[in-house]
Amino acid sequence: PLCDNVNTQRVPCSNPRWNEWLTYDIYLADLPRSARLCLSICSVKGRKGAKEEHCPLAWGNVNLFDYKDILVSGKVALSLWPVPHGLEDLLNPIGVAGSNPNKVSHPGGFASGLAPEISSPNWLFLIARNLPVHYCVNIPESLPKLLLSVKWNSRDEVSQMYCLLKEWPLMESESALELLDCNFPDPMVREFALRCLVQSLTDDKLSQYLLQLVQVLKYEMYLDNPLARFLIKKVGDLREMHNKTVSRRFGLLLEAFCRACGMYLKHLNRQTQMKFLVEHMSRPDYMEALQGFVSPLNPVHQLGHLRLEECRIMSSAKRPLWLNWENPDIMSELLFTNNEIIFKNGDDLRQDMLTLQIIKIMENIWQNQGLDLRMLPYGCLSIGDCVGLIEVVKSSFTIMQIQCKGGLKGALQFNSNTLHHWIKDKNRGEAYDRAIDLFTRSCAGYCVATFILGIGDRHNSNIMVKENGQLFHIDFGHFLDHKKKKFGYKRERVPFVLTQDFLIVISKGVQESTKTKEFDRFQEMCYKAYLAIRQHASLFINLFSLLLGCGMPELQSFDDIAYLRKTLALGKHKSQQEALEYFSKQMNDAHHGGWSTKMDWIFHTIRHMPNEH
C-alpha cells in the first residue's frame with residue numbers, strides 16, 4: 001500500500017453514519033497517477049479492545065485522478081459492490097473503480113458496528129532497493145522486478161522511473177504481458193507494455209494470448225485506453241457482458257467494434273444468437289436461422305444445412321447438444337462432409353479455453369526445439385455466461401468406448417491389450433508403425449502437460465484416441481490440482497495417467513513394456529518436453545496470473561498458481577538436473593501406480609457404461 005490503512009470509529013448498524021475526516025500519511029504531491037481510494041464496510045464482532053473479527057459486507061474503489069489527470073475533489077457519491085465469492089481480504093484493490101450501476105441492498109447480519117477502510121494497490125517489493133538501475137537496461141526483461149521495487153509514494157522516484165522508461169529497450173511480447181496485470185496500474189507502464197506488444201506480437205501470437213488480453217482490460221483505469229483501442233482494431237472478442245462489474249466497459253467496447261465491423265456484423269449476429277436459437281431449434285423459422293453461417297469455432301468453415309436427424313442430447317450431467325451441419329463446400333467430398341459441434345449450457349468453458357490455450361503454447365515451444373509431440377488442442381469457445389461451443393474431433397473414440405468393444409474383460413480393465421488391438425486393427429501394414437509413433441508422441445506430450453497443469457478427473461471417458469493412433473485429453477473442468485474427492489480423499493493418486501494399456505501400445509504389444517527400447521524412447525521424449533517447458537516457466541506463471549481476477553473457481557489466488565512452481569520444480573534454486581530427477585520420480589509413480597487409475601476407471605465404467613454413446 002502507499003500508506004497504512006485507516007479505520008473509522010465504530011457506529012451502530014441502526015444509524016450507519018460516520019461524518020469524520022480520515023487522514024493519511026502521504027503528501028498530495030507524492031500521489032502516483034494510478035492511485036485509488038479503496039473502501040470497505042465491515043461488520044465487527046467482539047467487544048472493543050478484545051479480539052475482533054471483521055467481515056466485509058461491501059466494497060468500492062475511487063480513482064484519485066480523473067481522465068484529464070486532475071485530482072478528484074468535492075463530494076463523491078459511491079454505490080458499493082457486494083463482496084465477491086472467495087475474497088478473503090477486507091479490501092478489493094484490483095476491483096473495478098467507480099459506482100455500482102446495479103444498486104443492490106446490502107446483505108443482512110450486521111454485528112456491533114461498521115468500519116470502512118482505505119488503501120491503495122497492493123504493491124509487492126520483490127527485489128532490493130539498491131539494485132543498479134542503469135545496469136538493468138541491458139536486461140530488458142528485468143523491468144517488472146525493477147518496477148516492483150519502486151517507491152510509488154515518492155514523486156522523485158516515480159519521475160526517475162518515467163525517465164528511465166523512455167530509454168528502456170522494447171521487450172519481447174511474452175515478457176511485456178506481465179506489465180498488464182493488476183500489479184502495474186500506472187498508465188505510463190501500461191503504455192510501454194502495449195508498445196512492446198505492437199512491436200513484436202504477430203496475429204498468430206495475438207490469438208494465443210487473446211484470453212489474457214481481454215481479461216486485463218479490467219485493470220485499466222479508464223474506459224478509453226490504448227489497450228482497448230488496440231483490441232477493437234485487432235479482434236473485438238469482448239464476451240464479458242454477463243459480469244456486472246465490467247458490463248459497462250465491455251458494452252461500450254462491443255458497441256464501438258460493431259459500429260466499425262461492416263458486413264461482418266451480419267455473421268457475428270448469427271453466431272451470438274446461437275444460444276437462443278438452439279433452445280428453440282424445433283421451430284421451422286428458427287431452424288432456418290441456424291443454417292448457412294460461418295462457424296464460430298473456425299471462420300474458414302461454413303455451416304450449411306442442419307442435419308436434425310443426426311443431432312442428439314448427450315448423456316453427461318449438463319445434457320449438452322450434439323449438433324451436425326452439412327459442409328456446403330463444393331470440395332466437401334474430398335475434405336469432410338459434415339461439421340459437428342457440441343453446444344454446452346451450464347459449464348464455464350473459460351477454464352477449458354485456458355487449458356487448451358496453454359497446451360497449444362506448449363506445443364509451439366516443443367516444435368521450436370525440434371520436438372513434435374502431436375498435441376490436439378481442439379476448438380472451444382465460451383460465447384456467454386456458462387454457455388459455449390466445443391469442436392467434435394472426427395474419427396475419435398473415448399478409451400472407455402474402445403475398452404467396451406473388447407468385451408466385459410476390456411470394460412472391467414482385466415484385459416490391458418484391448419487398446420493396442422484396436423489401434424492395430426485400424427492401422428494395417430506400414431500404417432501400424434506410424435500409428436504407434438503417433439500414439440507415443442502424443443501420449444508423451446499429454447503426460448507432461450497434464451502433470452504440469454495438475455489436470456484432474458482423468459477417467460477413461462475424458463481421454464480419447466483417433467483411429468490413426470493420436471491420443472488427446474478432453475474436459476478440463478479441474479486443474480491446478482483441484483481434483484475430485486471421495487469421502488475426503490483424492491480419487492486420483494497418481495501425478496498423471498500412464499496405465500499398462502498405454503505402455504503396451506508404446507512397446508508394440510510387449511507385456512514387460514518398461515524394459516523395451518520403445519519405452520526408453522518415450523521416457524526421453526517426456527524428459528525433453530518437461531525441461532523445455534521449465535525453461536519458459538515465467539511465461540506460464542504470467543499467463544495464469546493475468547487471469548486471477550476473471551472469476552474462475554479454481555484460479556482465485558496466487559496459492560493456486562503456486563502449484564505450477566511445484567510441478568516445474570522452481571523452488572529453492574533447483575538445478576535442471578534436480579528438476580529432471582523430480583520429474584523422473586513422478587513418472588515412476590505414474591506407471592507404478594497405474595493400478596489405482598484402473599480401479600477408478602472400473603467404477604466409472606460400471607456407472608456410465610449403459611449411457612456411453
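This talk covers a few strands, a pair of helices and one glutamate in the structure above.

The model is predicted: local features need pLDDT of at least 70, side-chain atom pairs count only at pLDDT 80 or more, and totals for chains, interfaces and linings use all residues. Residues are numbered from 1 along each chain as its sequence is written, and side-chain values use heavy atoms, with hydrogens and water left out.

I will start with the strands. Helices (H or I, at least four residues) and strands (E, at least two) are DSSP runs, numbered from the N terminus. Two strands pair if DSSP finds at least two bridges between them.

Take strand 10, residues 338-345. Seven of its eight residues are buried, so strand 10 is largely enclosed by the rest of the structure. Buried here means under 20% relative accessible area, exposed means over 50%, and partly exposed is in between, with a 1.4 Å probe and protein chains only.

What does strand 10 pair with? Strand 9, residues 321-326, is joined to strand 10 by six bridges, and the two run antiparallel. Within that pairing, Trp 325 has Asn 339 of strand 10 as its bridge partner. Strand 10 is also joined to strand 12, residues 387-391, by five bridges, again antiparallel. There, Phe 343 stands opposite Leu 389 of strand 12.

Strand 12 has a further antiparallel partner in strand 11, residues 380-384, through four bridges. Ser 382 faces Gly 388 of strand 12. Strands 11 and 12 form a hairpin with two residues between the strands, and Cys 386 takes a positive phi near 60° in this hairpin.

Now the helices. Helix 20 (residues 537-545) and helix 21 (residues 558-567) pack at about 160°, with axes 10 Å apart. Axes are lines fitted to C-alpha atoms, for helices over the stretch in contact, and angles run from 0 to 180 degrees between N-to-C directions. The two helices are therefore roughly antiparallel, a label for angles over 145 degrees.

Which residues meet? Phe 540, Ile 541, Phe 544 and Ser 545 of helix 20 meet Phe 558, Ile 561, Leu 564 and Arg 565 of helix 21, where contact means heavy atoms within 4.5 Å.

Last, Glu 524, which is found in helix 19, residues 517-534.

Conventions: Parallel < 35°, antiparallel > 145°, perpendicular 65-115°, else oblique.
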